[in-house]
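I opened the notebook to go through one structure, step by step. My entries follow the order in which I looked things up.

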Amino acid sequence: MKNTDERDQQTEMPRNRLSQLSEASLRINESLDLDTVLQEILDSARSLTDARCGVIVSLDGKGQVEDFLASGLTDDEAQQLFAMPEGLKIFGYLTTTSRPLRVPDLTSFLRAQGLSEFRPPIEINVRACLGAPIRHRGENVGHIFLGKSEPGQEFTREDEDTLVMFASQAALVIGNVRKYRDERRARADLKTLIDTSPIGVAVFDARTGVLVSFNREARRIIGCLQTPGYPVEQLLDVLTVRRWDGSEVSLDKVSLAQVFSTGEIVRAEEIVMQVPDGRSVTTLVNATPIRSQDGEVESFVVTLQDMTSLEELGRLRAEFLGMVSHELRVPLTSIKGSAITLLDDSSDLDPAELRQFHQIIVDQVEHMRELIGDLLDVARIETGTLPVTPEPAEIATLVDRARNTFLSSDGRHDLDLDLALDLPPVMADRQRIVQVLSNLLSNAARHSLESSVIRVTAVREDFHVAVIVADEGRGISAERLPHLFRKFSRAADEDGEREIGGSGLGLAICKGIVEAHGGRIWAESDGLGQGARFTFTIPMVEEAGSGATTQAPQHATRSQQEASEGVCVLVVDDDPQALRYIRDALSGVGFTPIVTADPKEALLLMEEQRPHLALLDMVLPNTDGIDLMKDLCRIAAVPIIFVSGYGKDQVIAQALEMGAADYIVKPFSPTELVARVRAALCRQADPYRAESLEPYVLGDLTIDYAEHRVTVANRPVELTATEYELLFELSVNAGRVVTYDRLLRRVWGLTTSSDMQAVRTLIKTLRRKLGDDANSPTYIFTEIRVGYRMPKGQEPGQGTG
C-alpha cells in the first residue's frame with residue numbers, strides 16, 4: 001500500500017508541474033508589451049522552480065545585452081546588482097552559452113572559469129544558480145537566471161527540465177511580441193514619413209469612393225479649395241477634375257466609386273482641380289489601385305504634388321530670360337548701330353562724333369560684361385564655387401570705395417555715412433564686399449526719389465560688424481520680404497510700379513557673397529511707402545589666442561613686428577601727404593620705408609639700398625608708374641605695388657599685365673596697405689621655402705630657386721618679379737595643371753577669374769623669353785579653359801639625353 005502511495009505521489013508531481021507550466025504559458029501570452037512579458041516570464045520561472053530571486057537578460061539582434069529585469073529583489077537590491085563592476089562581464093559570459101546551467105555554488109563556478117569573484121550585495125546572497133537560454137529560431141534572444149540563497153538548497157534536474165521547457169515557450173512569446181513591436185514601430189515611422197512628406201497622399205475606398213485617410217500636405221492642397229466650415233467630403237462632391245487631354249470629370253455627376261471602378265493607373269499626370277466658384281489648383285497626380293487576392297480593386301492610393309511653386313518658378317524664369325534677352329539686345333543694338341555708322345564710308349563724321357560712337361560701344365560692352373559677370377556669379381553661388389578670399393580690411397575703406405563707385409556711375413542721391421568710430425577690422429574679400437555695398441546702394445537709389453537720402457550705417461555687434469543701407473523709398477510689403485533674395489526675384493509691389501532686385505540677380509548675389517564670408521543678410525520694411533533697410537554682417541578679424549581686435553595696424557603683434565623688421569620698402573609719390581601717410585603706416589609695424597617724390601632718385605635708391613618691395617604712384621613728374629616700374633625691375637626683381645587714385649579696370653589690368661604685384665586704389669586704410677605689402681612679400685618669399693628647393697631642370701631650361709635665377713642653354717633670362725612668380729608657380733607644381741584661379745590668386749593676389757587676359761599676356765611673354773613655341777611647346781603647355789602646366793623636371797644627375 002505504501003509503494004502505491006509513493007508511485008501516485010511521483011505521478012502527481014509531474015502533473016502538477018505540467019499544469020503550472022501550462023498556466024504560466026497562458027499568463028505570458030496575455031500581453032503584447034515586451035517589458036510586461038519579460039517580467040511575467042521571470043516571475044513565472046521563479047514560481048515554477050521555487051527560486052528566491054531571478055534575473056532575465058534580453059539580447060538584441062547582434063547578441064548584445066539589451067536590458068536587465070529582476071524579480072524577488074527590492075529596487076535597491078536590483079540596482080546594486082546591476083551596478084556591480086564585474087556584473088556586466090559575468091552576465092555577458094553566462095549568456096554566451098547555448099546550454100542550460102545548473103550549479104550548487106555560483107561563486108565557486110565563476111572562480112573556476114577564471115572570472116572575477118562574484119560579490120553580490122549581502123542582502124541577495126545567491127548560492128545555487130539555475131540558468132537557461134531563451135532561443136528563438138536558432139538565435140539567443142535572452143537568458144533566465146534563477147538563484148537560491150539558503151545553504152543546502154539546490155536546483156534539481158526536474159527544475160532544469162521545467163525551466164528549459166518554459167524557456168522554449170517564452171521564446172515564442174518574445175518572438176511574437178518583438179515582431180508586433182517592430183511592426184508597430186514600422187507603421188508609426190511610415191505614418192510619420194507620409195504625414196511629413198512634401199507630397200500629398202490620400203487613400204480612398206474604391207467601393208464607396210469615401211476618403212479613408214490623407215496626410216498633412218494633401219489636407220493643405222485640398223484646403224486651398226475648401227469652403228471654410230464645410231467638410232472635405234462635401235468638397236469632393238462638387239469638384240471638377242480636368243485631365244491633361246482636356247477632358248473633365250465633374251464629381252457632382254460621376255461618383256468617385258465609378259471613377260475608381262476602372263482600376264486605371266495614373267502616372268505623373270498634370271491635373272487641374274476646380275470648384276464652382278472658379279478657384280483651382282494644378283497638381284501632378286499619381287494614382288495606384290490596391291487589389292485584393294481575387295483581383296478586385298479595394299482601395300486607391302493617390303499622390304498629389306502642388307505645381308503652384310513650379311508654375312511660379314517657370315513664370316519667373318520666363319520673365320528672367322525675357323529680361324536677359326532685352327538687356328543683351330539693347331547694348332547689341334547700340335553697338336551694331338554705332339559700328340554700322342563708323343563703317344559707312346559715306347558718313348562724314350568729325351573726330352568728336354567718332355569718339356562719341358566709340359564711347360557708346362565701350363559703354364555698352366561694359367554693360368554686357370557686368371550682366372554676364374552677374375550670371376556667372378549666380379552659377380558659382382549655386383555650385384558653391386564662388387571664389388572668396390577674406391583678408392583684414394577696414395569697413396570705412398570698403399564703404400568709401402562703394403560710395404565712389406556709386407557717385408561715378410551717375411548716382412544722384414545724397415549719401416549719409418554714419419560709421420562707428422571704434423569699428424574693428426573685418427575679414428573681407430574687398431572686391432566682393434564692395435560689390436555687395438554697390439548693389440545695395442543701387443537698389444536703394446532705384447526705389448527712392450532723387451531728393452531723398454540713402455543712409456549707410458555700420459556698428460559692432462558681438463563678433464561681427466553690421467552694415468545697414470536704408471532708403472526712404474516706396475518700401476516693401478510684408479509678403480514680399482521673404483522672397484527678396486531668391487534668384488529671379490523681380491516681384492512687383494501691389495501698385496505694380498516697383499520691381500525689387502533689379503535684374504533679379506543683384507540681391508541673390510549679395511546673399512551668396514555675404515554667406516560665403518560667414519555672415520547673414522536680411523531686409524526690413526515697415527510697409528509700402530515706409531522705405532527699406534538692408535542689413536548684412538561680416539566677421540571681425542580675430543587675433544591669435546584672443547578675441548577680435550580693434551587695434552590699428554600700428555599696434556602690430558610682436559610676431560608681426562619681428563617679421564617686418566629689416567624689410568626695406570621704397571615709396572615713390574609726388575604727394576607729400578601721401579608719402580607721410582604711407583611712411584607712418586609702414587614704420588608703425590616695423591618696416592623701414594625709404595620715401596622720395598623724384599623718379600630719378602628712386603632709381604638711385606634701388607641701386608644703393610636694394611629694397612625688398614616698391615610702392616609707386618601711377619602718375620609721376622615727367623614719367624608714369626609703368627615706365628618707372630620697368631626701369632626699377634631692370635635693377636632688381638622686387639615686387640611692385642601701385643598706389644593710385646585711378647581705379648578704372650583698364651588701368652589696373654594694364655598695370656598687372658605689365659608685371660605689378662598688386663594695385664591699391666586710394667583712399668585706403670593703414671590696415672589694408674600693410675596687409676597688401678605683407679601678402680606681396682609672402683608671395684615673393686614664397687611658402688615653398690625656395691632656398692631649400694632643388695633647381696628645376698628641363699632640357700636647356702634651369703630655374704635656380706635659391707638665387708632667383710633662370711637660364712636657357714646657360715644664357716641668363718631677365719624676368720620681372722611677376723614673370724618669375726608665374727614661372728615659379730608653374731615649375732614647383734610641375735606635372736600638375738595649375739588653374740587660372742590659382743595663378744591669379746597666387747601671383748596677382750586676385751580672387752576672381754572673370755578676366756584671364758593678364759595670365760595669358762604674361763604666359764605669352766614668358767614663352768617668348770624662354771624661346772618656347774606655343775604651337776609645339778617644350779616648357780609651358782596650355783590646358784584649354786583650365787590653365788597651364790609644365791612637365792616634371794629631370795632628376796638630379798640625370799642627363800638631358
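Which residue's side chain meets that of Glu269 in a salt bridge? I found Arg243, at 2.8 Å from N to O. I note here that the model is predicted.

**Entry: the Glu269 pair.** I placed both partners. Glu269 sits in strand β10 (residues 266-274), and Arg243 in the loop between β8 (240-242) and β9 (248-250), so the pair ties together parts that are 26 residues apart in sequence. I then checked burial. Glu269 counts as buried, at 8% relative accessibility. Arg243 is partly exposed at 23%; the cut-off for buried is under 20%.

**Entry: other salt bridges.** I read off 28 salt bridges in the structure. I looked up Glu298 next. Its side chain meets that of Arg207 in a salt bridge of 3.8 Å, N to O. Glu298 is in strand β12 (residues 297-306) and Arg207 in the loop between β6 (200-205) and β7 (211-214), so this pair ties together parts 91 residues apart in sequence. Glu298 is partly exposed, with a relative accessible area of 32%. I also noted a network of salt bridges that links Arg207, Glu296 and Glu298.

Arg181 is partly exposed at 21% relative accessible area. Asp182 is partly exposed too, at 40%.

**Entry: surface patch.** I found a nonpolar surface patch of about 270 Å², made by Leu190, Leu193 and Ile194. Ile194 belongs to helix α6 (residues 157-195). Its relative accessible area is 31%, which means partly exposed.

**Entry: nonpolar core.** I turned to the largest nonpolar core, which has 44 residues. Ile395, Leu437, Val465, Phe534 and Phe536 have the most contacts inside it. Helix α13 (residues 430-446) gives the most to this core, with eight residues. I listed the contacts of Leu437 beyond four places in sequence: Leu398, Val399, Ala402, Val467, Val469 and Phe536.

**Entry: Asp617.** Is Asp617 buried or exposed? I get 8% relative accessibility, so Asp617 counts as buried. Asp617 is in the loop between β22 (613-616) and β23 (619-620). Beyond four places in sequence, its contacts include Asp573, Asp574, Phe642 and Lys666.

**Entry: whole chain.** I count 23 helices and 33 strands. Of the 801 residues, 44% are buried. Among contacts between residues at least 6 apart in sequence, 62% join residues at least 24 apart. The accessible surface comes to about 42400 Å², with 50% belonging to carbon and sulfur atoms.

Methods:
Residues are numbered from 1 along each chain as its sequence is written. This is a predicted model: local features need pLDDT of at least 70, side-chain atom pairs count only at pLDDT 80 or more; totals for chains, interfaces and linings use all residues. Side-chain values use heavy atoms; hydrogens and water are left out. Helices (H or I, at least four residues) and strands (E, at least two) are DSSP runs, numbered from the N terminus. Buried means under 20% relative accessible area, exposed over 50%, partly exposed in between (1.4 Å probe, protein chains only). Contact means heavy atoms within 4.5 Å. Accessible areas come from the Shrake-Rupley method with a 1.4 Å probe; for residues, only the protein chains shown count as cover. A nonpolar core is a set of buried Ala, Val, Leu, Ile, Met, Phe, Trp, Tyr and Cys residues joined through side-chain atoms within 4.5 Å. Patches are made of residues with over 30% relative accessible area and no salt bridge: like charges are joined within 9 Å, nonpolar side chains (Val, Leu, Ile, Met, Phe, Trp, Tyr) within 5 Å. A salt bridge is a side-chain nitrogen of Lys or Arg within 4 Å of a carboxyl oxygen of Asp or Glu.
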